[in-house]
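Biologist: Can you walk me through this one? I have the sequence and the picture open.

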Amino acid sequence: MIKPQTLKGFRDFLPKDALKRQSVIEKIIATFERFGFDPLETPALEYAETLLGKYGDEADKLLYIFKDNGGRNVGLRYDQTVPASRVVAQYQQQLPNPFKRYQIQPVWRAENTQKGRFREFLQCDADIFGTESLFADAEIIVLTGKALQALGINAYKILINDRQLFNKIIEKGIIKDENQLPTILRSLDKIQKIGERGVMNELQEKGFSPDVSVAILQNAKAMRENDRLLKIIEACNNMGEEKLLFSPNLARGLDYYTSTIFEVEIEGYESGSVCGGGRYDHLIGQFTGTDVPAVGFAFGFDRLMEALDQLNLLPAKSTATRVLVTVFSGNLFSASLSLTSQLRNKGINTEVSLETIKLDKQLKYADRKGIPYVIIQGPEEIKKGVVKLKDMKSQTQEEMTVDEVIQKLKT
RNA sequence: GUGGCUGUAGCUCAACGGUAGAGCGCUGCCCUGUGGAGGCAGUCGUUGCGGGUUCAAAUCCCGUCAGUCACCCCA
């Protein structure tokens, strides 16, 4: 016997959960496509060299890297941005410019697991490659809000900032080495979580003097929207997105963002932001040799699911089946089968009992699976030329013709 | 990568040195054409794995694997 088990950090989604996930994905896709984004799919495996060195030393350690059966060094996709960048470089001539694509695929990270963090998880990306236009930034931000609205989330805030504003720390001479900027930003980004004092402590632990740490913090607090941000916010307003909030504390952890950065907070969900994004004009340059401007964002799908769950916005549906056709007895199988076929031909998701077990067992099955309707067709009904349609939830049933059943179940 | 906690029936857990128990579930019956409730009966185990201590180990010790939470880091 082999012990049935999933790998650490990998998950099964039973139908009940998978249905919920699918319904959320469908809504996200519909919104992405409404904004002119088309799907892109890339392979799970890439050449290791495609992935290595793109995310930083820390992240390189979290890559799944191994030799395939042909001795090639390969790695599992770590995010969507790098494979998409590879595609942009590889198919430049064939792709329209700007290139707007969305990508909903799993990624793999060999991290230690913890709450809300897995080794295989789903990312929902949407990016615009090939334009520096600030309207691209605005469109990405508006898209984020619309996707949330499509999922029923209306109480959210979009925190926005521009990393260019942090360059003042260098311009003012507070720090000399611009390579120190990413680590400073990482600390500043935690201000919500650990407070000003926590950031101060962390900066000093990183070797900045108390004076410099204070100056960094003061500078961050004194920041005001620049021209570019004001224009992006205005463009968002013109597209009906009003929930933007300039947030000078926002820094975001990733190194590669170059100017616009944003993050979404959902009211009633406190476990962090469910999505974030920004502009990264130099990332693809590392990859292709020529800079390709890009702006995009990603939903952390699992957190999004958690937030939707907490807000009771997930459908309760536990099956896609609409009706179960019971089989009264062995000699009435043919009647049930042809009825099933009729319903299916009308586009109604129909299941038929596969064994002539007792009626109460068949009903119990429908109940267990959450099938909303059951059809009972015994000798009496057949004599009258009707069927009984039972509504499992209201516990009512009525006799009707097959056509009436079809009418009722189609709505 | 570092650290804490946990691993017992299909599930949730109890027993914490003396040979393993409860609830839920599952199966059957009460109910011969109707599910969720109830009653009765039945089913349920190499206590993650390996070693050690002991007259005796689910219980203590070591190792290992797995899970979980947190840090680092990151959506």
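This is a predicted model: local features need pLDDT of at least 70, side-chain atom pairs count only at pLDDT 80 or more; totals for chains, interfaces and linings use all residues.

Biologist: Which strands form the open sheet of eight, and in what order?

Modeller: The order is E1-E5-E6-E11-E10-E9-E7-E8, with mixed pairing. Strands here are DSSP runs of E with at least two residues, helices are runs of H or I with at least four, and both are numbered from the N terminus. Two strands pair if DSSP finds at least two bridges between them.

Biologist: Which are the edge strands?

Modeller: Strand E1 (38-39) and strand E8 (244-246), each of which pairs on one side only.

Biologist: Is strand E9 largely enclosed or open, and why?

Modeller: Largely enclosed by the rest of the structure, because six of the seven residues of E9 (260-266) are buried. Buried means that 20 or more other C-beta atoms, placed from the backbone, lie within 10 Å of the residue's own; exposed means 12 or fewer, and partly exposed is in between.

Biologist: What joins E9 to strand E7?

Modeller: Seven bridges, with E7 (156-162) and E9 running antiparallel. Tyr-156 has Ile-266 in E9 as its bridge partner. E9 is also joined to strand E10 (275-279), again antiparallel, by four bridges, and there Val-264 is partnered by Cys-275 in E10.

Biologist: How many bridges link E5 and E6?

Modeller: Ten, in the antiparallel sense, between E5 (99-108) and E6 (120-129). Contact means C-beta atoms, placed from the backbone, within 7 Å. Axes are lines fitted to C-alpha atoms, for helices over the stretch in contact, and angles run from 0 to 180 degrees between N-to-C directions.

Biologist: Now the open sheet of five strands. What is its order?

Modeller: E13-E12-E14-E15-E16, with mixed pairing. E13 (350-352) and E16 (396-400) are at the edges with a single partner strand each, so one side of each has no neighbour in the sheet. The twist averages 25 degrees from one strand to the next.

Biologist: How many residues lie between E15 and E16 in the hairpin?

Modeller: Four, and Gln-395 in the turn has a positive phi of about 60 degrees. E15 and E16 pair in the antiparallel sense over five bridges.

Biologist: Switching topic: how many residues surround RNA strand B?

Modeller: 35, and the closest are Lys-8, Lys-115, Gly-300, Gly-378 and Glu-380. Near means that a residue's C-beta atom, placed from the backbone, lies within 6 Å of the molecule or strand.

Biologist: Which element gives the largest share of that surface?

Modeller: Helix H14, with five residues.

Biologist: Last one: is Ile-191 buried, exposed or partly exposed?

Modeller: Partly exposed, because Ile-191 has 19 C-beta neighbours inside 10 Å. Ile-191 is in helix H8 (191-205). Leaving aside neighbours within four places in sequence, Ile-191 is in contact with Glu-196, Val-199 and Asn-249.

Definitions and conventions: Residues are numbered from 1 along each chain as its sequence is written. Chains are lettered from A and ligands numbered from 1 in the order in which they are written. Two residues are in contact if their C-beta atoms, placed from the backbone, lie within 7 Å.
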